[in-house]
Each structure stands twice: as C-alpha cells, then as structure tokens.
Amino acid sequence: MNTGRKIRVLAAKPGLDGHDRGIKVVANALMDAGMEVIYTGLRQTPRQVVEAALQEDVDVIALSILSGAHDYLFPKVMELLKEKKVEDILVIGGGIIPDEDIPALKACGIANVFGPGTRTEEIVRYIRDHVKR
Amino acid sequence: MIKEDDLRVLEEKAKAWDQSVESKLQRNPERKTPFVNTSGIPVQRLYTPLDLENMDYLSDLGFPGSYPFTRGVQPTMYRGRHWTMRQYAGFASAEESNRRYKFLLDQGQTGLSVAFDLPTQIGYDSDHEMAMGEVGKVGVAIDSLKDVEILFDGIPLDRVSTSMTINAPAAVLLAMYIAVAEKQGVQPAQLRGTIQNDILKEYSSRGTFIFPPQPSMRIVTDIFAFCSEHVPQWNTISISGYHIREAGSTAVQEVAFTLANGIAYVDAALQAGLGVDTFGPRLSFFFNAHLDFFEEVAKFRAARRLWAKIMKERFGAKDPRSMMVRFHTQTAGCTLTAQQPLNNIVRVAFQALSAVLGGTQSLHTNSMDEALCLPSEQAVQVALRTQQLIAHEIGVTDTVDPLGGAYFVEELTNQICERAEGYILKIDEMGGSAAAIEKGFVQKEIQSSAYTYQKQIEKNDRIVVGLNRFQVEEERPGNLLRVDPAVRILQLEKLKKLKSERSQDQVNQSLARLKLAAQGADNVMPPIMDAVRAYATLGEICDTLREVFGEYRQIDTFR
C-alpha cells in the first residue's frame, strides 16, 4: 500500500480516438482527490504509453478508448508491460466497452473497466483500494 | 411592442403579483433556488413583455428569410419542405456501408452522411501501424478512390446530397467524391453536399487533426476557392459546435466558440484574396441538440442572429445568403445513457424537437444504443422514425418559428447572444480563435464546464433518469453490432491489389506536383484531383503534405 507519497496516475489515450472528455474529467477528479496525474494527450502508441509510465514512475495507468480499438490496444499495453517485467502498476480502462469484452481484457491483466455513467468517486476509491505500491 | 403606458401598468401589476407569490413561498417553497440552465443563465419564475421592453421586432427578429434571420433562413420553412433527414452512418468496409446507405434511402432518408474510420480521418492507410485496431471501427475505411467507387455504387450522385464528416483530409475525400461522380457521368457543378472541413474545432474538441493550424487553414481556403469555381452547390465547410458541446461546453460556449471559428475562416479566406460574398453563401454550420429544451431552441435562434450581424457588420457582406446560418443538427450523444437504453429514444425525441423548433436544415437523430456500441439497424430505424413522426404527426411544422414571441424564448435568445458576444470579444482580444486555441483557452473553458457538469450529476444536483435516479437492476443488452476484424485483412488485400494494378509512374508524378503546389502558393485541389484519379492512396497523399507541412502536436491543458 502507498504510504506518504501521492499516488501517481498516467491518464492515457492510446490509439487514434479523439474523445478526451471522459479521461479529462477523470483526471480532474483524481487530482481533486489528491493524486498526481500525468495526461499523455491524444494518439499514443501502446509503446509510448508504457514508456511514459516508466519514465514518470506511476503507480496507475488509466487507459481510455471510445473508438472500439480497446480489443487490440489494451492487451498490447499489457503485453509491453510484461515485456518490461513491470508487475506493480495497476492498469484500469474506461470508455465505450461492451460487457462481453470485459472478461478478455481482465484476463490479460486490466484490473477493472469503467463504462459510461461511472461516478468518478468510484474510480478514486478503486484506485486507493487496489494500488499495488 | 407594447405601448409605454400599458407597460407601466403591467410593471405595477407584475410587482404586486411577485409580492403575493413571495409571501406564499414560506409555506410552498419552490423546488430550487435559483433555477439556472446549463449555460449558467438564471431562469426566472415568469417572463412577461417587461423582459422584452428593449427588443425591436424588426431589427432583432425580422421576418423568416430576411435579416437577421432569427426566425429562420427560409420564408416558408417547413411549410415548403421538411429538413433533410440525414443519419450519420458508415462502418467496416465500403461494401458494408454501401448496403447501409441503400437501406436508409429505402427507409425514406433524404440525404447521406458518411462516417469514416479514424485512420481515414487522420490520413493513414489501413496498413499503417497507427491504424492497428481501428480499421473500420467508427466508420468506413477508405484507402483510395477504389473504395469510394464501391461506397457509392448504385447511388446516383446527382440526386442525393452527401455530407462527409472529414476534416484534415477533406480535400482528398472531396476529390474522390468528384472523381466518382465523373465516372457516373455527373458534373461537379451538379453535386450537392457538405464536407465538414472545420479544422479549428479538431484542435480544441475532436482530435482528428494532422497538420499545424496555419497550413491547415490554407488547405481550407484552397477548398473554398476551388469549389466556388467548380462545385458551386457544395457546402465547403460545416463550422461545428457539435463536438465542442460533446466535449463538455455549455450552450453559450457552443455558440461562441463556433462563431469565433467561423470568424477565423472568413478572415483567412479574405486574406487569401477571396470575396466575402463568393464563399460566404457556402459556409454551413453544425450544432448539437442537448437536453435543456428552451435553451436549445433559443441557442439556434441566437446563432442565426449573431452570425448575420457578424457577416453584415464586421465583414461587410452584401449577399443575404452570406449572412444565413444554414445548419445541420445532431442530438447530443453525450446525453445518452448506457443504463435503461430505451429511455434514450425519448431523450432523442425531445432533442430533435428542439432542433426543429430552432429551425434546422438537416437532422441526425441518435440511436438508443449508442452509449453501448455502433447503432443496430433497428435502433437506426426508430431514430429515423422519430424525425418522420415530428415532421408528419405533431403539427409543429405548419407555421414558421412557432416559439417566436414567447417571452421566455426571446429573452433567452437575447441572453445567449449577449453572453456569446462577450466570449467572442475575449477571443478577438487574444488574437482570434486559432490563437485562443494555441493558448489552450478554449480547451480549458470546455474542460472546466465538462467537469462542473459531471460534479452536478455526482452530487445529484442534476438528475439523469436511470443513472442517478430511478435506477433498476438490469442486464446489459447483448447482441451488439460489432465490426468484423476481417475488415482490416480485406482492406490490406485491396491495397495490395491496387498497388500492383495502377501506374506507379503516374502516382509518383502526381504526388510530385502536389508537393510543389504545397510548397508554393498554388491551389492544392487540382493536383489532389490528379493524384486521386491516378489511384494514389489517401495515406500517400497525406504523407506528401506531411512532408511539407509537418504534423501538429496537441498542447497540454493540465500544466
């Protein structure tokens, strides 16, 4: 569990999707809850996301996709994290993600997926309860 | 509008009425204090002629079809012809999308609206690394003229009007459309339709930019110039508030930022040497229809009045058509809930009604399942039927601007105009829209409104039926429309075949000419037409322009 240091979160938009309202609202809420948030901006490759996470030494990666490309991009991020032998970063996802896709995303290591209508406080609580370091 | 003496009598009576109501509030309090709409405009208990004391009927409202167009851009509005019913559609391959278009036309839809996938919108071919996972997902995948030929196969382009949601590579897709029309024997001058071509809101709200603002604006004005000569019936831009609103802005911000972008395009075109009445009549607009019914109706009316004044007074337009806000509307996707999705049908109906009462020229109604996935055929049909029902069953189309003169709606219209003008002034002081976006001002304003809205929902200050009240335990519907990942394979095969069949020399030569034009001052449209006809791919054409113009990187609005 995290002691002393603020929880650091990378808010990331992998892929070509331009919908950033959701991730920015979540980023604002996490900051209000006392976390440090680094926002990647749009159009990150999975490799850029993983590199930013390592460079910024974050505890959490919050991925957002509304274009339907989560089925390719989320697992790709997880694969690259494994390649780098990173196991202590909590990775969560959000966006327009059909329920039936969630089991596969969880199987590859996405800890939880938050869909439309989620309260930001729920995401804050989840991160606090599940952050790995 | 009312005689001065009568107004003074009214004033006294209103005061007395107010006092008598106030005295009863102790016992019967109102639900909230104060009542405020999404733009932060206080909503009074009652509106009377006193609120419109300073309004001048002729200069503020006028008659439909004449300046300042507050009541509508055509004299007879829907008594003559209904709005164009235009459902935004496209997914997977050109073949699949062509089938959906034919289905929609069969169902009585009156215009097409093409959704492109993200690689197409950002100028990547389907085989580009950045396209992985995105091919065919949010729209149809287009790599070359070949795909566009399939997309419009069997659809006579002289008889439909087509709107294309394409921005950074708008010139390329327009060129492809013209080329397909030529193959059908249809002249460019006969073509009717719209390209979105509104790059400024891509930087602030929508995200599908490629090049930096300056060269992007040059492409926009090249398109204006080319179309005024060759494709005179084409709407060369759809200046879009829709995405600004979806990104979280208020109604006032939607009007203000959209018209400020409009001003930037007009400025750029004037600087490029075009006459305001040459391109002015072909500017069109695109707005959102959100939840607050009267605020939305007033917003559409306010946008018309403001733009008319801007074009006439600021830019000296003479042709009334240059002063008209002709606009498309889409109901607000961001208001749809994944919870109890059937409720979305009702939300969409109210939003669509506000657009019709606001005088829209064309309309897309969202499908109930869009918070979950791409719309199914049945959901699209209900959405289209909603429009047909408004047009034919409920009588709202039988007179022009039925809410005109309503004290509340007129006062709201005035308020929205006033507040939007305040923003426009501020943006002028920053050096115009492009500079305000460069500074992050527009983005931060939108971001902050979005966060405020979310907090209101989370504190239950704003009720979203089925989400924070009236919830039920429910299972999410299965059987959602999904794009077959094989689309990418199909596109890759088509690309390979294309490259083996076309004349590479012709492609190289046309791209070299395009590069020269981009480096110099010549209009880029003619060389793009040549490249498209030679079956150069969208990616190749955009890469050529990338070499000359460079690529834009988004600014960080959190630091």
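This is a predicted model: local features need pLDDT of at least 70, side-chain atom pairs count only at pLDDT 80 or more; totals for chains, interfaces and linings use all residues.
Colleague: What is the secondary structure of chain B?
Modeller: There are 22 helices and ten strands.

Colleague: How do you know what share of chain B is buried?
Modeller: A residue is buried if 20 or more other C-beta atoms lie within 10 Å of its own. In chain B, 51% of the 559 residues are buried.

Colleague: What share of the contacts in chain B joins residues at least 24 apart?
Modeller: Start with contacts between residues at least 6 apart in sequence. Of these, 78% join residues at least 24 apart.

Colleague: Which domains is chain B divided into?
Modeller: Domain 1 covers 57-458, and domain 2 covers 490-549. Their C-alpha centres lie 28 Å apart.

Colleague: How do you know which residues of the two domains are in contact?
Modeller: Two residues are in contact if their C-beta atoms lie within 7 Å. By that cut-off, 31 residues of domain 1 of chain B are in contact with 22 residues of domain 2 of chain B. Helix 5 (145-151), helix 6 (170-183) and helix 8 (213-230) each supply at least two residues of the domain 1 side.

Colleague: What makes up that side of domain 1?
Modeller: Its residues divide into 20 nonpolar, six polar and five charged.

Notes:
Residues are numbered from 1 along each chain as its sequence is written. Chains are lettered from A and ligands numbered from 1 in the order in which they are written. Helices (H or I, at least four residues) and strands (E, at least two) are DSSP runs, numbered from the N terminus. A residue is buried if 20 or more other C-beta atoms lie within 10 Å of its own, exposed if 12 or fewer, and partly exposed in between; C-beta atoms are placed from the backbone. Domain bounds come from an automatic or database domain assignment. Ala, Val, Leu, Ile, Met, Phe, Trp, Tyr, Cys and Pro count as nonpolar, Asp, Glu, Lys and Arg as charged, and the others, Gly among them, as polar.
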